[in-house]
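Dear colleague,

Please find below the structure that I am handing over to you.

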Protein chains: 2
Amino acid sequence: MYKAYQKLAVGIDIGGTNTKIGIINHRGEILSRACISTVGHETVEDFIEALYNALQPLIEEFESTGEITGIGIGAPNGNFYTGLIEYAPNLRWNGTIPLAKFVTERFGIPCSLTNDANAAALGELYYGAGRGMKHFLVITLGTGIGSGIVIDGKLIYGHDGYAGELGHTIIRYGGRKHWKTDLVGSLETYCSATGIAITAREMLKRTNQESLLRAIEPEKINSKYVYECAIKGDKLALKVFKYTGKLLGEALANFVMFSSPEAIILFGGVIKSGELLMKPTRKHMEKNLLPLFQNKVKLVFSELEGADSAILGAGSLVWEQSSEAFQVAI
Amino acid sequence: MYKAYQKLAVGIDIGGTNTKIGIINHRGEILSRACISTVGHETVEDFIEALYNALQPLIEEFESTGEITGIGIGAPNGNFYTGLIEYAPNLRWNGTIPLAKFVTERFGIPCSLTNDANAAALGELYYGAGRGMKHFLVITLGTGIGSGIVIDGKLIYGHDGYAGELGHTIIRYGGRKHWKTDLVGSLETYCSATGIAITAREMLKRTNQESLLRAIEPEKINSKYVYECAIKGDKLALKVFKYTGKLLGEALANFVMFSSPEAIILFGGVIKSGELLMKPTRKHMEKNLLPLFQNKVKLVFSELEGADSAILGAGSLVWEQSSEAFQVAI
């Protein structure tokens with residue numbers, strides 16, 4: 001079959017457990033895929049070799065029909081400016097890793113790196129709910145909370161590459177202590193999947209209210225279980241989502257008054273809770289906004305499939321072709 | 001005297017009481033000045049006529065030596081995209097005023113409008129502490145709190161022109177009710193000059209502690225008086241600044257984790273309190289930042305003279321010559 005010669009990119013999503021790889025085109029189609037273990041490689045050098053063995057055959061497969069113009073990687077704590085992964089708590093390779101440099105050198109193809117939430121935001125910008133928008137926020141609600149901020153049609157990085165750590169902004173002074181950062185009262189401690197489970201355990205402890213949540217050991221409660229109890233009509237579980245949405249909505253109102261986005265796109269595992277979370281979030285966001293901002297911001301869920309979106313987002317880094325990104329001479 | 005033909009701009013700072021006017025050049029020199037009353041003109045049409053009578057002679061004076069390329073105006077609630085002043089609580093003209101259009105038509109010179117805090121940020125970008133920086137925030141601490149946000153060397157406006165209303169972000173849920181907005185616990189209710197006076201009154205009421213602050217009627221206490229008592233060593237007054245700085249620092253930490261600026265520039269009447277405010281602010285900002293952001297952000301006071309800075313900032317709008325600004329065909 002004849003295929004038009006086209007510009008292609010590699011998108012790589014490095015997660016704590018697995019690394020997903022895809023060859024993408026400008027239309028956001030994933031033409032070929034691979035997956036390797038992240039956790040199974042003791043050193044980053046081993047990981048790069050495994051990546052090469054999985055990806056190089058795909059690259060060769062497309063050599064006659066397209067040009068692979070770059071490799072884009074989304075990874076926890078990935079820094080766009082420096083190409084480094086710095087002290088990522090969820091990866092087993094310690095310290096500072098010059099990942100973009102290693103990948104560029106191994107493949108002979110320019111590689112750009114950013115963090116996972118920024119990659120999600122790029123995915124939304126090019127292929128998701130952010131298409132055609134110049135100003136929006138993406139909030140990823142998973143085990144932790146990440147964020148990517150688009151202003152004037154561009155993802156912002158700040159002076160050092162770390163802009164958009166909204167999960168660590170403080171929403172309750174004197175509140176919950178974060179299990180890793182030690183910061184007190186951050187958004188992540190309340191509105192991540194982890195935070196939802198903590199809220200459920202706290203509520204169970206504080207009252208004697210009957211609840212399906214009491215059917216399992218408190219420490220086994222996770223946000224998925226809270227959701228399952230809530231859709232069965234369990235009052236305490238419903239209250240957990242109301243509370244989570246209240247705090248998330250309040251936080252979003254503050255973010256809106258910072259950059260005045262057209263939309264906020266929620267992404268990640270927690271959004272499976274749907275209107276249970278969305279309804280109180282929207283209500284409390286509006287309530288805490290100046291009238292100037294009210295009833296203007298579209299609060300929506302991502303429409304991209306989780307795994308695909310991360311590959312597409314990482315690959316989109318290549319389309320950005322920014323001169324500011326870390327680049328190694330090849 | 002021979003003067004080189006140069007590009008000039010008019011900068012106009014519309015305050016609640018007075019309107020200050022200046023002709024500026026690219027080097028940030030104010031070549032000529034005028035001032036008219038804001039409050040003394042019942043209708044905006046009267047105000048425009050007074051502005052014309054004061055400014056037109058200055059424009060004519062420079063006709064032979066320079067080209068006035070535009071008029072830039074900073075005003076409360078001024079919107080860059082629409083050229084409108086919308087419901088400014090401190091101006092006596094009610095409703096929505098198409099100020100940029102009126103000025104453009106009266107003078108036959110393109111006029112751009114923005115709000116006063118954004119004008120201050122532009123002043124810092126071109127002529128103040130923000131020179132050479134691509135990412136910084138300006139927080140104006142006066143009767144109220146305003147802000148201007150510079151990202152990638154550009155002032156951001158958001159999708160509707162209202163980005164940067166950081167004074168209205170909520171820092172204490174369930175806290176103080178704002179006297180105008182009815183929002184509860186906003187930064188402005190605590191850290192503006194008005195907020196400082198409220199804190200002093202609250203502290204006086206809560207304790208019987210001896211204090212110089214008790215020498216005058218509670219309702220006559222303003223932030224200047226609190227400052228005067230504090231530099232005399234009054235313990236309660238000192239506590240007011242410590243508390244204000246704590247809350248301001250916490251809020252600034254959240255702002256840093258949004259856009260990761262190189263600097264935060266504090267501006268406005270309240271900064272006369274100097275280290276009394278700066279010391280606790282810096283301490284609590286650092287304390288609430290992820291380690292990733294610590295000891296990186298320059299927290300500084302503006303070096304521009306109050307009145308000049310507003311004229312220079314408003315005039316700088318003309319240098320921006322953005323296609324996004326509101327423009328009327330002449």
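Domains and chain contact

Taken over C-alpha atoms, the centres of domain 1 of chain A and domain 2 of chain A are separated by 28 Å. The model is a predicted one. Domain 1 of chain A is made up of residues 6–121 + 307–320, while domain 2 covers 132–303.

Where these two domains meet, domain 1 of chain A contributes 12 residues and domain 2 of chain A contributes 14 residues. On the domain 1 side, helix α3 (residues 116–127) of chain A supplies the largest share, with five residues.

I turn next to the two chains. Chain A is superposed on chain B by a rotation of 180 degrees, with 0.0 Å of shift along the axis and an RMSD of 0.0 Å. This is therefore the relation of a two-fold axis. Both copies use the same surface, since 100% of the contact residues of chain A recur in chain B.

The contact between the chains draws 31 residues from chain A and 31 residues from chain B. On the side of chain A that touches chain B, the largest share comes from helix α7 (residues 235–259) of chain A, which provides six residues. That side of chain A consists of 15 nonpolar, 10 polar and six charged residues.

With kind regards

Methods
Residues numbered from 1 in each chain as written. Chains lettered and ligands numbered in written order. Predicted model: local features only at pLDDT ≥ 70, side-chain atom pairs only at ≥ 80, totals over all residues. Least-squares fit on C-alpha atoms with pLDDT ≥ 70 in both. Contact = placed C-beta atoms within 7 Å. Helix = DSSP H or I, 4+ residues; strand = E, 2+ residues; numbered from the N terminus. Nonpolar A, V, L, I, M, F, W, Y, C, P; charged D, E, K, R; others polar. Domains from an automatic or database assignment.
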